[in-house]
Amino acid sequence: MTPKHLAEAAARTLEAPVTTVSVASIVDHTLLRPESTADDVAALVAEARRLGTYSVCVSPNQLPLGDTGDVKVATVCGFPSGAHHADVKAAEAARSVADGADEIDMVVNLALATTGRYAEVQAEIAAVRAAAPAPVVLKVIIESAALTDEQIVAVCRAAEAAGADFVKTSTGFHPAGGASVHAVELMAQTVGGRLGVKASGGIRTAEAALEMIAAGATRLGLSGTATVLEGLTR
């Protein structure tokens, strides 16, 4: 399956009645704590395989992961601030792909976004896209809680123009906050199904996960995946 078909596949999955299996199938099971050890990551992979999540998302220094079975490997780039030179982000992405990453979640330069320099936002995303070409999946973290609606729309358009596969709400580390229903709705409306939408940051309950899916999220970034999935059965 090509990256451009991922959003459509996720949407089709979620057209059916929501179950723990269908939700797990769009989850990036995430561990990005700076102090995480190799043993922590191994436990994450084992849990992801048990839960049936789409991927694991780990810090780039933890790569390569070795055998993860059917679970894809995602990592982050320019994380968590986004305040890195574009060529540094590109080099980091290329190294992660060489180390086995299937997906790259890059953080945009927020200073460019908040000052309306959208052509430069597009250029840095394009630089990472060139360093991590398809079939690697590129997700663009826009840090939506720190942006106005106008800025969210403009950055999503820049991500699409640069060849990204997803736009993503948040790192989960910004003081402005994480994912919101409003941001996911706006992002989904902007990309119109041409890109996927990943909701990430502060999604800790089944109710919150379902709200994000209803708003248009086609991928979820969760660190407490087991708790969220258990909540779906109650």
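This is a predicted model: local features need pLDDT of at least 70, side-chain atom pairs count only at pLDDT 80 or more; totals for chains, interfaces and linings use all residues.
Residues are numbered from 1 along each chain as its sequence is written, and side-chain values use heavy atoms, with hydrogens and water left out. Local features need pLDDT of at least 70 and side-chain atom pairs count only at pLDDT 80 or more, whereas totals for chains, interfaces and linings use all residues.

Helices (H or I, at least four residues) and strands (E, at least two) are DSSP runs, numbered from the N terminus. Strands pair if DSSP finds at least two bridges between them; four bridges join β3 to strand β2 (residues 55-58), the two running parallel, and Ser-55 stands opposite Lys-72. Four bridges also join β3 in parallel to strand β4 (residues 103-107), where Glu-103 is the bridge partner of Ala-74.

A salt bridge is taken as a side-chain nitrogen of Lys or Arg within 4 Å of a carboxyl oxygen of Asp or Glu, and 15 are found in the whole structure. Glu-124 and Lys-89 meet in one of them (3.1 Å, N to O); because Glu-124 lies in helix α6 (residues 118-131) and Lys-89 in helix α4, the pair ties together parts that are 35 residues apart in sequence. Glu-124 is buried, with a relative accessible area of 4%, and Lys-89 is buried at 1%. Asp-105 forms a salt bridge with Lys-139, the closest N and O atoms being 2.8 Å apart, and both residues are buried.

Technical notes
Buried means under 20% relative accessible area, exposed over 50%, partly exposed in between (1.4 Å probe, protein chains only).
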